Amino acid sequence: MTTAQKQRPKYYDLNLAHLPVPGLVSIFHRISGALLFFPVLPVLLWLLQSTLASEQGWLRWRGVFADPAVKVVVLAFAWLYLHHFFAGIRYLLLDLHLGVAKEPARASAKLVFAAGALSTLLLAWRIW
Ligand code: HEM
C-alpha cells in the first residue's frame, strides 16, 4: 500500500464545522435555494394576493408584520435570499474563471457570508 493510500480517510467527514468556508457557502447556497423555492416563494405569492385583495387583508398583515417575532422570521428568510444572491454572484464569477484559485476562492466565500450578514443587519435596522 502506498503512503497516499494509507493517508486516505476511511470514512467521509460530514461534520459541517470541519468544512472549509467555500464548502459551507456551497451547502447554504443549496439549502437556501431549496427553501426559497419552497416554502418562501409560494408564501410570498399568497401574501401578495392576500394584501392586494382587500384593504382589510392589507391592514391584517400590516398588524402581523409589526410583531417583533414575525420580524425575526422575516429577517431569517431575508438572510436566506441574500446569502443565495451573493453566493449566486460568486458562482457566476467562478463560472467565468474569476477567483478560482484557493486563496481568492476562500476570500470570496468569506465575503459572501459577510455581505449576507451585513445586508440582513441593514434590513433589520430598516424594519425595526
Ligand atoms: C426566489 C429566487 C430563487 C430561487 C427559488 C432559487 C433557487 C435555486 C436552486 C434550487 C438552486 C439549485 C441549488 C443546488 O442544487 O445547488 C439554485 C442555484 C443557483 N442560483 Fe438560485 N434561486 C433564486 C434566486 C437566485 C438569484 C437572485 C441568483 C442571482 C445571483 C441566483 C443564482 C443561482 C446560481 C448561480 C445557481 C447555481 C449555483 C451552482 O452553480 O451550483 N439564484 N437556485
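What follows is a set of questions about the terms, each with a reply.

Me: What kind of model is this, and how many helices and strands does the protein chain have?
Reply: This is a predicted model. The protein chain has five helices and zero strands, and along the sequence the pattern reads α-α-α-α-α.

Me: What is the phi of His-97?
Reply: Phi of His-97 is near 65 degrees, a positive value in a residue other than glycine. Most residues other than glycine have a negative phi.

Me: What makes Leu-92 buried or exposed?
Reply: Leu-92 has 10 other C-beta atoms within 10 Å, and the cut-off for exposed is 12 or fewer, so Leu-92 is exposed. Leu-92 lies in helix H4. Leu-92 and Leu-121 are 29 residues apart in sequence, and their C-alpha atoms are 25 Å apart in space.

Me: How do you know that the span of H5 agrees with its number of residues?
Reply: At 1.5 Å a residue, the 26 residues of H5 should span 38 Å. The end C-alpha atoms of H5 are 38 Å apart, so the two values agree.

Me: Which residues of H5 are buried, and what covers them?
Reply: Ser-108, Ala-109, Val-112 and Gly-116 are buried in H5. The cover over the buried residues of H5 includes H2 and H4.

Me: What makes up the largest nonpolar core?
Reply: That core holds six residues: Val-25, Leu-82, Phe-86, Ala-87, Ala-109 and Val-112. H4 and helix H5 (102–127) are the elements that give two or more residues to this core. H4 gives the most, with three residues. In soluble globular proteins, nonpolar side chains tend to be buried together.

Me: Which residues is Leu-82 in contact with, leaving aside its neighbours within four places in sequence?
Reply: Leu-82 is in contact with Gly-116, Ser-119 and Thr-120.

Me: Why is the peptide bond from Phe-38 to Pro-39 worth a question of its own?
Reply: This bond is cis, with omega near 15 degrees. Most peptide bonds are trans. Pro-39 is found in helix H2.

Me: Which residues come nearest to the ligand?
Reply: Among the 13 residues around the ligand, Arg-30, Gly-33, Leu-36, Phe-37 and Gly-88 come nearest. Helix H2 (21–53) and helix H4 (68–95) are the elements that give two or more residues to this shell. The largest share, seven residues, comes from H2.

Me: How many residues of the shell around the ligand are nonpolar, polar and charged?
Reply: Eight are nonpolar, four are polar and one is charged.

Technical notes. Residues numbered from 1 in each chain as written. Predicted model: local features only at pLDDT ≥ 70, side-chain atom pairs only at ≥ 80, totals over all residues. Near = placed C-beta within 6 Å. Helix = DSSP H or I, 4+ residues; strand = E, 2+ residues; numbered from the N terminus. Nonpolar A, V, L, I, M, F, W, Y, C, P; charged D, E, K, R; others polar. Core = buried A, V, L, I, M, F, W, Y, C linked by C-beta atoms within 7 Å. Buried ≥ 20, exposed ≤ 12 C-beta atoms within 10 Å, placed from the backbone. Contact = placed C-beta atoms within 7 Å. Expected span 1.5 Å × (residues − 1).
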